[in-house]
2 protein chains.
Amino acid sequence: MKLVVIGAGNLATNIAIALYKARHSIVQVYSRTIESAQALAEKVGAKASDDIDSLSTDADIYLVSVTDSALASVLQQAVKGREGAFFVHTAGSMPMDLIPTPRRGVLYPMQTFSKQRLIEFASIPIFIEASNDKDLGGLERLARSVSQRVYNLSSADRVYLHLAAVFCSNFTNHCYTLSDEILRVHGIPFDVMLPLIDEVAEKVHTVTPKDAQTGPAARHDRNVIERHLQLLSDNPNIQQIYRIMSNSIAND
Amino acid sequence: MKLVVIGAGNLATNIAIALYKARHSIVQVYSRTIESAQALAEKVGAKASDDIDSLSTDADIYLVSVTDSALASVLQQAVKGREGAFFVHTAGSMPMDLIPTPRRGVLYPMQTFSKQRLIEFASIPIFIEASNDKDLGGLERLARSVSQRVYNLSSADRVYLHLAAVFCSNFTNHCYTLSDEILRVHGIPFDVMLPLIDEVAEKVHTVTPKDAQTGPAARHDRNVIERHLQLLSDNPNIQQIYRIMSNSIAND
């Protein structure tokens with residue numbers, strides 16, 4: 001397929017490279033700054049542009065992958081003069097109907113992306129949606145060319161998927177950060193935690209997270225919990241998180 | 001070395017099997033019920049016992065691995081008539097001095113254990129401590145026979161290590177549980193989260209967790225945060241956790 005990629009951030013970079021490797025033709029990459037457009041365009045054999053109005057008008061899909069807060073205004077600009085084209089955004093938490101054209105869709109690869117670390121797409125779940133069956137078919141073929149796990153999901157359900165992903169990804173990572181802060185004060189390197197972190201992630205491949213739960217809160221060990229809260233008395237923020245998480249585990 | 005293992009729970013089972021495979025001689029396994037003592041004893045070529053007073057008196061190390069809340073009373077019983085022996089407990093959050101004999105130590109393998117899932121010990125960090133240098137040497141040899149990562153750590157610092165582990169393990173796992181609860185209501189299977197979970201765990205092998213942080217709170221996206229809080233309005237517990245974690249990330 002012939003694609004225009006609008007955006008050059010973490011997600012845009014990872015998707016564009018995966019699509020390029022799957023032999024799709026990316027004709028243009030747009031970004032607000034020509035430097036970032038070029039950085040991605042070079043990697044996927046595309047032309048770079050910082051002028052949204054002059055983008056090609058005959059691409060099969062316009063893939064819009066920008067930050068959530070910029071999405072509505074970028075879409076407004078991008079569709080001008082291309083009202084018959086198929087526009088697709090990649091934002092897990094944004095509804096499909098944000099796109100102001102009749103042919104619209106969503107392609108949401110659920111993963112955490114960074115530009116520095118390219119991800120193997122093959123096993124990433126991709127959730128798709130489109131405003132008509134024909135475009136849904138096209139979008140599904142596109143998604144299947146980079147991943148074996150493609151699901152249809154409505155905007156209404158996708159917001160819950162995105163919310164659930166915040167817990168599994170952003171909040172777990174923040175737990176690592178708080179752990180790092182505690183260790184740092186006592187001169188213990190964070191990497192001693194890595195085998196534990198790996199095992200906790202690995203365990204839920206075969207056991208439900210509820211059944212995998214261990215620790216003082218799960219066994220209602222008030223003594224340990226009280227001691228831990230006391231150790232955190234000089235850090236009210238971490239202490240509050242410890243208390244609320246422990247209560248939630250104990251009541252589960 | 002000649003060992004007596006007191007306890008037959010998750011941790012005792014995993015350690016005893018690792019020590020047995022490293023060709024140490026486990027002479028007895030004690031548990032309150034003979035059934036659970038037998039279940040472990042069979043796996044490590046040891047005799048089973050449910051009578052703590054009749055345990056062997058000439059083992060090199062008495063390894064006490066029971067729940068934190070039972071540890072003090074089990075130790076009291078176990079040391080009777082063995083006041084000259086070397087007693088070692090395995091509890092990350094309990095001080096060495098809980099052991100009421102002059103020759104005492106701690107061997108804390110930092111990992112989450114279950115009886116069903118045997119863990120490769122080789123890469124698990126083991127934190128050790130002993131009341132005298134000679135016993136510390138013996139304990140270090142024992143630990144090094146099952147793991148390549150053995151560290152000396154005082155009781156005072158170990159409580160912080162254990163606290164940090166609660167964040168990396170128990171609290172991250174609870175984030176998975178909350179995610180599962182959100183998905184379940186919308187008929188989405190939890191296993192769609194596994195690639196994301198794996199990547200978040202994998203990322204902190206090369207990047208500090210603080211630098212790895214992504215998501216609406218990290219980019220101060222009030223719109224998404226408010227929408228998520230609204231989606232959780234029928235679940236005040238999860239909503240509170242979402243709010244507090246997001247604030248903590250945003251302020252980090």
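Predicted model: local features only at pLDDT ≥ 70, side-chain atom pairs only at ≥ 80, totals over all residues.
Two packed helices are described by the angle between their axes and the distance between the axes. Here the axes cross at roughly 100° and come within 11 Å, and a crossing between 65 and 115 degrees counts as roughly perpendicular.

Who touches whom? On the chain A side, helix 5 brings Val159(A), Tyr160(A), His162(A), Leu163(A) and Val166(A), and these meet Val224(B), His228(B) and Leu231(B) from helix 8 of chain B. Sorted by type, the residues of this contact come out as 6 nonpolar, 2 polar and no charged.

Now step back along chain B to Asp221(B), in the loop that links helix 7 (209–212) to helix 8 (222–231). With a relative accessible area of 7%, Asp221(B) is buried. The side chain of Asp221(B) reaches the backbone nitrogen of Val224(B) at 3.3 Å. Leaving aside neighbours within four places in sequence, Asp221(B) also contacts Asp68(A), Ser69(A) and Pro216(B).

Elsewhere in chain B, have a look at strand 7 (residues 126–130), where 5 of 5 residues are buried. In a regular strand the side chains alternate between the two faces of the sheet. In strand 7 of chain B, Ile126(B), Ile128(B) and Ala130(B) are on one side, Phe127(B) and Glu129(B) on the other, and both faces are covered.

Strand 7 of chain B pairs with strand 6 (residues 104–109) in the antiparallel sense over 5 bridges, with Pro109(B) standing opposite Ile126(B). Strand 8 (residues 150–152) of chain B runs parallel to strand 7, joined by 3 bridges, and there Val150(B) is the bridge partner of Ile126(B).

Technical notes
Residues numbered from 1 in each chain as written. Chains lettered and ligands numbered in written order. Heavy atoms only, no water. Helix = DSSP H or I, 4+ residues; strand = E, 2+ residues; numbered from the N terminus. Buried < 20%, exposed > 50% of the residue type's maximum accessible area, 1.4 Å probe, protein only. Polar contact = N/O pair within 3.5 Å; in protein donor to acceptor, adjacent residues only side chain to side chain. Contact = heavy atoms within 4.5 Å. Axes fitted to C-alpha atoms, helices over the stretch in contact; angles between N-to-C directions. Nonpolar A, V, L, I, M, F, W, Y, C, P; charged D, E, K, R; others polar. Pairing = 2+ DSSP bridges.
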